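Visitor: I am new to this structure. Please show me how to read it, one feature at a time.

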Amino acid sequence: MSNKNYKIAEDIIFSAAIFKLSKGERDIKLSNKEAELLEMLCDEAGSVIARGKLQETLWPNQDNTDTNLNRQILSLRRKLESIGLLDAIDTIPRVGYIFCAPVEISGALFPKSTIKPQLPQPQVTVTLGAF
């Protein structure tokens with residue numbers, strides 16, 4: 001888990017490190033697996049995450065994790081719906097899941113918007129002297 005905070009759909013705060021969803025004065029406690037799952041979905045919001053990737057990350061080296069993942073998705077959907085976020089997790093049949101709500105990430109060591117790739121600088125040689 002990270003120390004990131006996620007702002008979901010303008011008014012919901014997900015604090016990954018303390019497994020908590022907040023909207024206004026209302027707080028909802030998440031289980032460890034729900035928090036890990038929501039963090040993965042938020043980090044990849046708008047992109048499909050394969051079931052296999054979720055299963056391997058949440059339950060490494062375990063078989064038959066389909067039921068576990070289905071239960072965690074259902075539980076997380078219910079908690080999100082209880083604070084007014086409907087249809088945030090969409091199922092892509094036989095592929096995986098996509099988090100459809102808008103997400104802003106804060107509290108990261110280097111926010112995504114400030115990371116710039118380091119491009120190699122061209123080498124310039126100047127020779128002074130008589131022509």
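Guide: Begin with contact, which means heavy atoms within 4.5 Å. This is a predicted model: local features need pLDDT of at least 70, side-chain atom pairs count only at pLDDT 80 or more, and totals for chains, interfaces and linings use all residues. Residues are numbered from 1 along each chain as its sequence is written, and side-chain values use heavy atoms, with hydrogens and water left out.

Visitor: Which residues does Phe99 touch, not counting residues up to four places away in sequence?

Guide: Phe99 touches Ile8, Leu38, Leu41, Cys42, Ala45, Gly46, Leu80, Leu85, Ala88 and Ile89.

Visitor: What is a nonpolar core, and how many residues has the largest one?

Guide: In soluble globular proteins, nonpolar side chains tend to be buried together. Buried means under 20% relative accessible area, exposed over 50%, and partly exposed in between (1.4 Å probe, protein chains only). A nonpolar core is a set of buried Ala, Val, Leu, Ile, Met, Phe, Trp, Tyr and Cys residues joined through side-chain atoms within 4.5 Å. Here the largest nonpolar core has 29 residues. Ile8, Phe14, Leu21 and Phe99 have the most contacts inside it.

Visitor: Which helices and strands each supply at least two residues of this core?

Guide: Helices (H or I, at least four residues) and strands (E, at least two) are DSSP runs, numbered from the N terminus. Strand E1 (5-8), strand E2 (12-15), H1, H2, H3 and E7 each supply at least two. H1 gives the most, with 6 residues.

Visitor: How do I read the sheet of 5 strands?

Guide: Look for pairs: two strands pair if DSSP finds at least two bridges between them. This open sheet has the order E4-E3-E2-E1-E8, with antiparallel pairing. Strand E4 (26-29) and strand E8 (103-106) stand at the edges. Each has a single partner strand, so one side of each is left without a neighbour in the sheet. E1 and E2 pair over 4 bridges. Ile8 has Ile12 in E2 as its bridge partner.

Visitor: What is the order of the sheet of 3 strands?

Guide: That open sheet runs E5-E7-E6, again with antiparallel pairing. E5 and strand E6 (89-92) are its edges. E5 and E7 pair over 3 bridges. There, Val48 stands opposite Ile98 in E7.

Visitor: Which helix packs on this sheet, touching E5, E6 and E7?

Guide: For directions, axes are lines fitted to C-alpha atoms, for helices over the stretch in contact, and angles run from 0 to 180 degrees between N-to-C directions. H1 packs on the sheet, and its direction makes about 70 degrees with that of E7. H3 lies across E6 and E7, running at about 150 degrees to E6.

Visitor: Which residues of helix H2 are buried?

Guide: In H2 (residues 51-58) they are Arg51, Leu54, Gln55 and Leu58. They cover an arc of only 95 degrees around the axis, which puts them on the same side of H2. The arc is that of the directions from the helix axis to the C-beta atoms. Their cover includes helix H1 (32-43), strand E5 (48-50), helix H3 (66-82) and strand E7 (96-99).

Visitor: What does Arg51 touch?

Guide: Arg51 is buried, with a relative accessible area of 18%. Leaving out residues up to four places away in sequence, Arg51 touches Asp66, Leu69, Asn70, Val95, Gly96 and Tyr97.

Visitor: How many disulfides does the structure hold?

Guide: A disulfide is a pair of cysteine sulfur atoms within 2.5 Å. The structure holds 0. Cys42 is buried, at 3% relative accessible area, whereas Cys100 is partly exposed, at 45%.
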